[in-house]
Every structure is written in structure tokens, then in C-alpha cells.
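Subject: Structure handover

Hi,

Here is the structure I promised to pass on to you. Please open it alongside this note, and I will walk you through what turned up.

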Amino acid sequence: MTESSDLSDLRLTKMPLNNGSGYMPALGFGTLIADAAVTKTATRGALEAGFRHFDCAERYRNEREVGEALQVGLAAAGIAREDIFVTTKLWNTNHRPERVEPAFEASLDRLRLRYLDLYLIHTPFAFQPGDEQDPRDQTGNVLYDDGVTLLDTWRAMESLVDGGRCRAIGLSDISLNELLPIFEAARIKPAVVQVESHPYLPETELLRFCKEKGVVFLAFAPLGHGMRPGPLEDPVISAIATQVGKTPAQVLLAWAVQRGTALLTTPRSADRAKENFNISALPEDAFDEINRIQTRQRFNAVVKTGSPGFIPQGR
Ligand SMILES: NC(=O)c1ccc[n+]([C@@H]2O[C@H](COP(=O)([O-])OP(=O)(O)OC[C@H]3O[C@@H](n4cnc5c(N)ncnc54)[C@H](OP(=O)(O)O)[C@@H]3O)[C@@H](O)[C@H]2O)c1
């Protein structure tokens, strides 16, 4: 297996984790899928296409389906648990330290796993604790919890690593300014930061910090959440796709790995899973041309409130 510095085969690129617990495959499959049956078929399709990194979340309410698909898929293909990398995330309503371990155990149970490769704090926003994942007052405003700090939650995450069933911890939907104090105070440094990133939102400063500190920068929405207009239809991306004989999605995913990030993509069909896995390095001039795109757009507003922009209705 190659590491991120070796781009000879982008599909096999692996990112070293700063705590020495191993590597994260750069190409990750995201499980934010509304339909339970599609969650299962898409997860199997991703495994069969070659994905070995799976990103889940308590909030997606489909950890059971992902767990079942992985168990069946691994057995069918003769793949060992150690050969895949599984992440899930602590939801905003579980930030109180005494809620962290029970939430972690519940996720493990639903995923049918004995350990997690990575556990992330889903957003830096603490919501009112309880079973309601989207607590609101009568006028529809989110009910936040000011009785817990992000550092309190981080300390409980560190204890999970001490416990041995969680190999690495990190944060998601966090800005560099919010990350810095946690990074400074942390006994166990964040291994991964998961944020929206694509050519319209390169997050260059955060990426630079992550590279300096050996933190894996994990990009979600590398295709701009598939929104159109968006990076998938950008004229520079389309022209490069034609030039190199790849699809716009493959160009965007290759660019993300070539700039030293890991990524998450959510192909829902087996064909798209093969397409999104089958990427190869772009010529240097094409890579540079993408870096020069000036359009700036954030597609997911979760960073502003902690309320997910893309959780399907009813979940
Ligand atoms: N931390 C957070 O707050 C957060 C937020 C959002 C997402 N995530 C994670 O990131 C993962 C990735 O989500 P994403 O929305 O960013 O995934 P994505 O793969 O960038 O975008 C998914 C969209 O792109 C389309 N698509 C996928 N492959 C395509 C292709 N080859 N050609 C054209 N369109 C294609 C999909 O269409 P179809 O559905 O029609 O296939 C879908 O509409 C999620 O599953 C989740 O794990 C995390």
C-alpha cells in the first residue's frame, strides 16, 4: 500500500495517522443515504468496487444497515475487519462527557464492530442532551447546551482511546480558529479533521495547518454534494475531464487526493462506486489549473449552526 506522498496509484493512497495507530485509506465511502435498502446495496457496492474506508454517523440513523452490509460483504469477499477503516461520529446531543461512552458503545453495537478506527465529534455545537436529535423550542430555534465545552467533550473522547476500542479521534465541521485551542490543550491530538472541501472551498489555511501537524484533512462534498451548478459542471473541470478521458467526478476526486487530502464520496449505485474508485493522477498542468479556479461556494451550512444541511427528511 502506498502513502499519501506516493501518488503512483491514487486508489491505494493511505494517510498515516499522527498517533501511530495506522493509516486511513484516502478514498472514503460516505454513508449519508436516506433509504435503508439503498444504504445496504450502496455499502456492498462500495466494498466490491474497492473502497476500504467507510464513514458513518449516529445522526445518519443507518448504522445498523451499514453494519449488516459490512458484515455480509466482508464475509462474502473474504476481507478481514483489519483491512477496512470505519469511522463514526458523536452527535451534538451527546457532548456531555457522561454521554460520550454510551453513545460510542451504541454505535459500535449498531455497526456490529468490536472497535472503531476513528470516532469524530460530528460538530462543535452541543445541543440539549437527550434522545431528540434535533431539539427545538416552540419557535423552531435549536436548543443548545451551554453546560459543556468542546474541551470537556474532547477529554471524554481521549478516554475512549485510553480504553482501547477506539484507535483515533478527531473533529468535524470545525474551523481553524475553533480547532487551535483544542489542538493546544489536547493530551491526544486530533488525528483527523473532516470538513467540506472542493475546488470552490479549498480551505487552504486549514489544510496547511493539518499538513504541518500531521493531521489528516478529510474532505466531504468533494463533488460539491453533487449540486448543479457546482464543481461537477465547472468548465475547467469539464475541459480537463475531456482532455484526460475521465469523468468530471473522477477529476475532482483525483485533485482532492493529489493535494494531500483524504475524501468521502457517496456513490449510490455499483456503477458509480466503480467510477468514483477508479481515479488516476492528473497531469501537473491540469492540477494547477484546478488550483486557480476562483469561484468560492460553501454548499453545507452545518458549520454555522450544527444543524445538518443534508440529513434527509424523516431521519
Ligand atoms: N461532517 C459532516 O457534517 C458531513 C456533511 C455531509 C456529508 N458528510 C459525509 O460525506 C459523505 C460524502 O457526501 P457528499 O454529499 O459530499 O458526497 P459526494 O459524492 O460529494 O456527493 C454526492 C452527490 O454526488 C452525486 N454523485 C456521486 N457520484 C457521482 C458521479 N460519479 N457523477 C455525478 N454525480 C455523482 C450523487 O448523486 P446520486 O445520489 O444521484 O448518486 C449525490 O447527489 C457523506 O456520505 C457523509 O459520510 C459529512
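This is a predicted model: local features need pLDDT of at least 70, side-chain atom pairs count only at pLDDT 80 or more; totals for chains, interfaces and linings use all residues.

A salt bridge here means a side-chain nitrogen of Lys or Arg within 4 Å of a carboxyl oxygen of Asp or Glu.

**More on the salt bridges**

How many salt bridges does a search of the whole structure find? The count is 13. Besides the pair above, two others may interest you.

One of them joins Asp162 and Arg187, with 2.7 Å from N to O. This pair also links distant parts of the chain: Asp162 belongs to helix 4 (residues 150-163), while Arg187 is in the loop between helix 5 (176-185) and strand 8 (192-196), 25 residues apart. Asp162 is partly exposed, at a relative accessible area of 48%. Arg187 has 52% relative accessibility and therefore counts as exposed, because the exposed class begins over 50%.

The other is between Arg11 and Asp9, whose closest N and O atoms are 3.0 Å apart.

Helix 10 covers residues 284-291, and Asp285 is part of it. Which residues of this helix are buried? They are Ala286, Phe287 and Ile290. Looking down the axis of helix 10, these buried residues fall within an arc of 100°, so they line one face of the helix.

The face of helix 10 turned away from the buried side carries Glu284 and Asp285, which are exposed. For Asp285, the relative accessible area is 51%. On the surface, Glu284 and Asp285 gather with Asp288 and Glu289 in a patch of negative charge.

**Backbone points to check by eye**

There is a cis peptide bond between Arg228 and Pro229, with omega at about 0°. Pro229 is in the loop that runs between strand 9 (216-220) and helix 7 (235-244).

That loop between strand 9 and helix 7 also holds Ala221. Ala221 is not a glycine, yet its phi is positive, at about 55°. With a relative accessible area of 8%, Ala221 is buried.

Arg112 is another non-glycine residue with a positive phi, in this case about 60°. You will find Arg112 in the loop between helix 3 (97-111) and strand 6 (118-121). Arg112 is partly exposed, and its relative accessible area is 42%.

**A few distances across the fold**

Where is Tyr144? Its place is in the loop between strand 6 and helix 4, and at 40% relative accessibility Tyr144 counts as partly exposed. From Tyr144 to Lys211 is 32 Å in space, C-alpha to C-alpha, for 67 residues in sequence.

Gly50 is in the loop between helix 1 (36-49) and strand 4 (53-55), and is buried at a relative accessible area of 18%.

Lys213 is in helix 6 (residues 204-213) and is partly exposed, at 37% relative accessibility. Between Lys213 and Lys189 the C-alpha to C-alpha distance is 9.3 Å, and they are 24 residues apart in sequence.

Happy to talk any of this over once you have had a look.

Best wishes

Definitions and conventions
Residues are numbered from 1 along each chain as its sequence is written. Side-chain values use heavy atoms; hydrogens and water are left out. Patches are made of residues with over 30% relative accessible area and no salt bridge: like charges are joined within 9 Å, nonpolar side chains (Val, Leu, Ile, Met, Phe, Trp, Tyr) within 5 Å. Accessible areas come from the Shrake-Rupley method with a 1.4 Å probe; for residues, only the protein chains shown count as cover. Lys and Arg count as positive and Asp and Glu as negative; His and the chain ends are not counted. The place of a charge is taken as NZ of Lys, CZ of Arg, CG of Asp or CD of Glu. Helices (H or I, at least four residues) and strands (E, at least two) are DSSP runs, numbered from the N terminus. Buried means under 20% relative accessible area, exposed over 50%, partly exposed in between (1.4 Å probe, protein chains only). The arc is that of the directions from the helix axis to the C-beta atoms.
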